[in-house]
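Biologist: I'm new to this one and would like to learn how to read it. Could you walk me through a few features?

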Amino acid sequence: MLKKHGIGLSFTVLAIVLAIIFQILGLFDLANFKLLDYSYQIRGPLSSWASHQTNPNDSLDVVLIDVDDETFRLLAEIGWPYPRGTIWNAAIKNLADAGAKVIVFDIQFDARDAHTARVLSVFDGELPEGRIDGDVAIAEAIEYARNLGTEVVMASTIKTELSSIPPQMLVTPNEFIMEVDPDHGLVDIDEDVDHFTRRYPVFGAMSHQPDVWRPSLAMKAVKYFLEIDDQPGLTYDFEVGEFTYGPLTIPTYGTDYPGFLNNIYGPASHARIGESDPWQTFQRYPLAWIIDTEEYELPSPDEDTNWMSQFDSSGTFNSMMLMIDPSWEIMESPFKDKICMIGVSVEVFHDYKSTAFFDYLGAPTLMPGFEYHANATQTLLDQNFVHVVGKTIEFTSDSAFSQIMLIILCAFLAYLIITFFDPLWGGILISLEAIVLFSISVGLFITDYTWIFKWISGNSQSILVPPPGETRYLPIVAPLMVMVLTYLTNVLYKFILEQRDKHFLKDTFGTYIAPELIDKMYEEKQEPKLGGDAGIHTAFFTDIQSFSAFSEKLIAEEVVELLNEYLTDMTDILLANQGTLDKYIGDAIVAFYGAPVPVENHEYQACLTAIEMQDRLDELRLKWQGEGDRWPEIVHHMQNRIGIATGNMVTGNMGSAMRMNYTMMGDVVNTAARFEASAKQYGVYIQVLESTYEACKDDFHWRELDYVTVKGKSVPAYSYELIARKGELTPTYEKLLPIYNKGLELYRAQKFEEAKATFVEADSIEEMFPYRPTNPSRVYIGRCEFFIDNPPGDDWDGSWVLTEK
């Protein structure tokens, strides 16, 4: 037992080692990331688009200003890139007038304004009088916004050119825009192994200036929104692995990555699910609406509604309404005190990110890059970070301890299940363990551990949304895999052991019991050993009638061929009915029922075997007859005799420790052998002891043969001829049996003259086929004649003593 568990534990340790190695190599990372994405989709969006549409001001802190398809269409005549002196200048000023607190650009302005550059190229680098320098104009707009309390954050990036020295450089807005010293943040974002975007950097640094931290775009947006002072600025606590930035505490995604897991608030805001309106995770407004004021006319008069002017108290419409009705309320600006994130969602620019909500509700939609920055900004403001148990999904120095401990825990739990349950139940319970672990992982993410029941019942809309800061993720792919590996290795080991033991049993018993019984012996842990077990079993003997005559008619090869065909078919029937083959003795088959494995109704199985052997022999005779002169007449009329007896016997392996044979011993065994031999004296082919008859008399048709003392015995026993299955009695026997039974009754009553006459009548009905030496009716005619001359006396018990085997 200790050795068995030691090997099982060794396989469990091997599964643990493999799972840890696979985790170290990152083979589970992709699956863990996908499970994280699935957790997002179970949780659903954190902002309700329906409530936003009902109350547009009930929104997040970030608003999207989108160069979308509508804007691209309306400003098609102007062409991209849009002139900074008109479009972007107007956008900044209009948003500042509308009360925006921070305007953030996820658009690079490092090159000169394209429209200005074209004019300069025509006029030898000098702008004609009346022409506006787009970059100067945008710089003036930044100053204008700053004077109104609105900060503008521009986009910058770290560019790598390996041929340059140093190989990296910071790309900021061009020098004309930088004249007014606008702040800027890095827009560089890394992708994961599956090209999905899940993380967001707090800062970036160039390789030759690793100690110079350059905050990301979202960090700069948050700085001005929360009015964070430059001192002490961004700091890092190495002991706990957290950044501090003003009132914000930012947990890092491990010590090796200067950032966090971005908590995606929902699908892309421009996404449409079915025929619905855009999803609007964040409130989103086309850029064309932002520049649409009384001072700017859109190219399409039908769509020039002066939409932005509705928030301006000095606008013509609002001024007129105030003159008419001093109580007129000007519509509240949706940009007031908001962070306005400006970017592009037009597909041709390919500025898209694949996120966890990529295929939410079956509608595949990529997220514009500027909206990914918006998600990061809102995550920072809400302090709504995704905390990974162990800090990282990948195997790192931060996550090593927690991941290894969870792998070990799940492995040994799986091993305990396999130890105490069979493979089927073990597999079911380990599957339940996996489902529970999966449910805990998702439940931890959404803070609702009953989510799986709600999801199964179709009530997923009632799944709770986690409060800010309580989103946690448990990577479980490695623990799931170690459970599978533990199960498979231990089950495989058990299977190998089982097959080894079964092969051992098969080597010992396979030649004389059915494979099903070998399986049963294995299940009951029966092992071959010297010695025997006493019990009530059924002995079975059969051989071919007058087989010695066959040897005279056939050459040796033909005898072997004929005997092999006969013995194969008879043995198949024996084993199919759960019999145990003891041995072959020439043409004879010795067998028994009920050992080494208990067999229910072993008496019935033995009798059924005898009937089926007779039926199969009928088929073989027809086959041999159909082969013409190949076989002599004696083969065409082959018969076999069967003796069956049930009683107490000893069965077991007998012999020596070096060589043993599973066999049977006992008085009832001798009785069965004598019944098989003495059947020829009655001209019957299946003779059965009374004990067997009593056990299954209602399942077959019988004829009582005799109350007889067989040779070698001193006590008489009742014997019966087994005729047929119940309901399959032939018309001959239906006519014969009543007459025969009447004759037997008269015989037992010592009315021998009447009995003889009755048996003569029965004999006329008996079927006498070739090579049948006699029949029971003829046997009793002779006995009646004997007792007429030699009356047995009043104390006669009706028995007869056989003097021959």
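**Reading the model, one feature at a time**

Modeller: Let's start with Thr116, which sits in helix α6, residues 114-122. Helices (H or I, at least four residues) and strands (E, at least two) are DSSP runs numbered from the N terminus. This is a predicted model, where local features need pLDDT of at least 70, side-chain atom pairs count only at pLDDT 80 or more, and totals for chains, interfaces and linings use all residues. Residues are numbered from 1 along each chain as its sequence is written, and side-chain values use heavy atoms, with hydrogens and water left out.

Biologist: Is Thr116 buried or exposed?

Modeller: Buried means under 20% relative accessible area, exposed over 50%, and partly exposed in between (1.4 Å probe, protein chains only). Thr116 has 2% relative accessibility, so it counts as buried.

Biologist: Which residues is Thr116 in contact with, leaving aside its neighbours within four places in sequence?

Modeller: Contact means heavy atoms within 4.5 Å. For Thr116, the partners are Leu127, Ile132, Asp133 and Gly134.

Biologist: Where is Thr150?

Modeller: Thr150 is in the loop between α7 (134-147) and β3 (151-160). Its relative accessible area is 2%, so Thr150 is buried. Leaving aside neighbours within four places in sequence, Thr150 is in contact with Ala96, Ala100, Lys101, Val102, Ile103 and Ala145. A polar atom of the Thr150 side chain lies 2.5 Å from the backbone oxygen of Ala100. Thr150 and Ile339 are 189 residues apart in sequence, yet their C-alpha atoms are 9.6 Å apart in space.

Biologist: How many residues does the largest nonpolar core have?

Modeller: A nonpolar core is a set of buried Ala, Val, Leu, Ile, Met, Phe, Trp, Tyr and Cys residues joined through side-chain atoms within 4.5 Å. The largest one here has 86 residues, and Ile250, Leu380 and Val482 have the most contacts inside it. Beyond its neighbours within four places in sequence, Ile250 is in contact with residues including Val202, Met219, Phe260, Leu380 and Phe385.

Biologist: And what about Ile435: where is it found?

Modeller: Ile435 is found in helix α14. At 44% relative accessibility, Ile435 counts as partly exposed.

How values were computed
A polar contact is a pair of N or O atoms within 3.5 Å; within protein, one must be able to donate a hydrogen and the other to accept it, and residues adjacent in sequence count only if both atoms are side-chain atoms.
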